[in-house]
Amino acid sequence: MQIYNDYKDHADFLTVYVREAHPTDEWQMKSNVKDDVCYAQPKTLEQRMAIANDFTKRFKYPLPFGVDDMANAADLAYSAWPERLYIIDENGHIAYRGGMGPFNYKPAEARAWLAGRYGEVKHPEKTESAPKKS
Amino acid sequence: MKRFLKWALGAVLVLAVVAAGALSYMAGSPKDALYMVRYAFPHMHRGALKVGDDAPDAQLLALDGQTRFHIRERTAGRPLVLVFGSFT
């Protein structure tokens with residue numbers, strides 16, 4: 001996650017795992033079958049933990065991680081499902097409130113907030129020279 | 001009166017077809033639209049939080065399955081970027 005690598009020296013990050021969006025027993029997506037991401041909606045916290053661990057291991061996910069409880073307390077408090085971004089400032093106030101995912105899940109907006117405070121981190125565009133014709 | 005009812009019924013039908021078409025387009029297919037209505041809409045909430053509000057707290061479980069901590073424990077000193085999501 002590029003935004004984490006770019007701003008982890010200035011801000012803390014926390015990923016919160018909430019109830020599955022497209023489990024096999026609800027609205028499964030073809031793309032998840034193709035990518036072999038097939039899980040039923042967890043009925044227990046142990047099942048939720050197992051999926052969260054699969055996710056972090058599969059992607060070597062570097063961000064600090066927490067799992068929501070089966071009462072979905074974090075999800076309900078932040079209206080977070082299926083995916084959403086927030087930034088909380090150092091005084092404990094909401095500084096950025098992202099839109100509801102997936103259509104309004106916009107990491108670029110969170111990046112812009114961080115860039116406004118800590119400066120933009122630029123990445124030189126990768127340019128590949130075209131093979132020469134002989 | 002009968003004529004009005006016919007028009008009203010027709011209008012409702014047209015609106016229903018347009019809504020079903022729009023949902024199918026958004027979701028990808030009519031079947032996905034049905035699943036969206038059944039499984040996604042009940043859990044999607046715009047929420048009432050606003051910029052400037054106190055950030056709510058909730059207890060989370062760490063990946064070790066043992067350690068419990070609160071979101072607000074992580075908000076002292078530096079901004080906290082919260083990333084909510086799941087695997088699927």
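Q: Where is A:Lys60 found?
A: A:Lys60 is in the loop between α3 and β2 (65-67) of chain A. Helices (H or I, at least four residues) and strands (E, at least two) are DSSP runs, numbered from the N terminus. This is a predicted model, in which local features need pLDDT of at least 70 and side-chain atom pairs count only at pLDDT 80 or more, while totals for chains, interfaces and linings use all residues. Residues are numbered from 1 along each chain as its sequence is written, and chains are lettered from A and ligands numbered from 1 in the order in which they are written.

Q: What is the phi of A:Lys60?
A: Near 45°, a positive value in a residue other than glycine. Most residues other than glycine have a negative phi.

Q: Is A:Lys60 buried or exposed?
A: A:Lys60 counts as exposed because it has 6 C-beta neighbours inside 10 Å. A residue is buried if 20 or more other C-beta atoms lie within 10 Å of its own, exposed if 12 or fewer, and partly exposed in between, with C-beta atoms placed from the backbone.

Q: And what about A:Asn72, what is its phi?
A: The phi of A:Asn72 is also positive, near 60°, and the residue is not a glycine. A:Asn72 sits in the loop between β2 and α4 of chain A. With 15 C-beta neighbours inside 10 Å, A:Asn72 counts as partly exposed.

Q: Which peptide bonds are cis?
A: One joins A:Trp81 and A:Pro82, with omega about 5°. A:Pro82 is in the loop between α4 (73-78) and β3 of chain A. Another runs from A:Gly101 to A:Pro102, with omega near 0°, and A:Pro102 is in the loop between β4 and α5 of chain A.

Q: What comes just after α5(A)?
A: A:Gly119, with a positive phi of about 95°. The helix itself, residues 107-118, has 12 residues and should span 16 Å at 1.5 Å a residue, which agrees with end C-alpha atoms 16 Å apart. The expected span is 1.5 Å times one less than the number of residues in the helix.

Q: Switching to strands. How do β3(A) and β4(A) run?
A: Strands β3 (residues 84-88) and β4 (residues 94-97) of chain A run antiparallel, joined by three bridges. Two strands pair if DSSP finds at least two bridges between them. A:Ile87 has A:Tyr96 in β4(A) as its bridge partner. The hairpin has five residues between the strands, and A:Gly92 there takes a positive phi near 85°.

Q: Which strand of chain A pairs with β3(B)?
A: β1 (residues 12-17) of chain A, in the parallel sense, over six bridges. A:Asp12 stands opposite B:Leu80 there.

Q: How many residues does the contact between the chains take?
A: 41 residues from chain B and 57 residues from chain A, where contact means C-beta atoms, placed from the backbone, within 7 Å. On the chain B side, β3(B) gives the largest share, six residues.

Q: What is that side made of, by class?
A: It has 23 nonpolar, 11 polar and seven charged residues. Ala, Val, Leu, Ile, Met, Phe, Trp, Tyr, Cys and Pro count as nonpolar, Asp, Glu, Lys and Arg as charged, and the others, Gly among them, as polar.

Q: Which residues touch the most other members of the largest nonpolar core?
A: A:Val16, A:Ala74, B:Val81 and B:Leu82, out of 35 residues. Such a core is a set of buried Ala, Val, Leu, Ile, Met, Phe, Trp, Tyr and Cys residues joined through C-beta atoms within 7 Å. Its largest share, five residues, comes from β3(B). Leaving out residues up to four places away in sequence, B:Val81 touches A:Ala11, A:Phe13, A:Ile87 and A:Ala110.

Q: What about the rest of chain B, say, how many residues of α1(B) are buried?
A: Zero of the 26, so α1(B) lies largely in the open. This helix, residues 2-27, reaches 37 Å from its first C-alpha to its last, close to the 38 Å expected. B:Gly28 follows, with a positive phi near 120°.

Methods: Contact = placed C-beta atoms within 7 Å.
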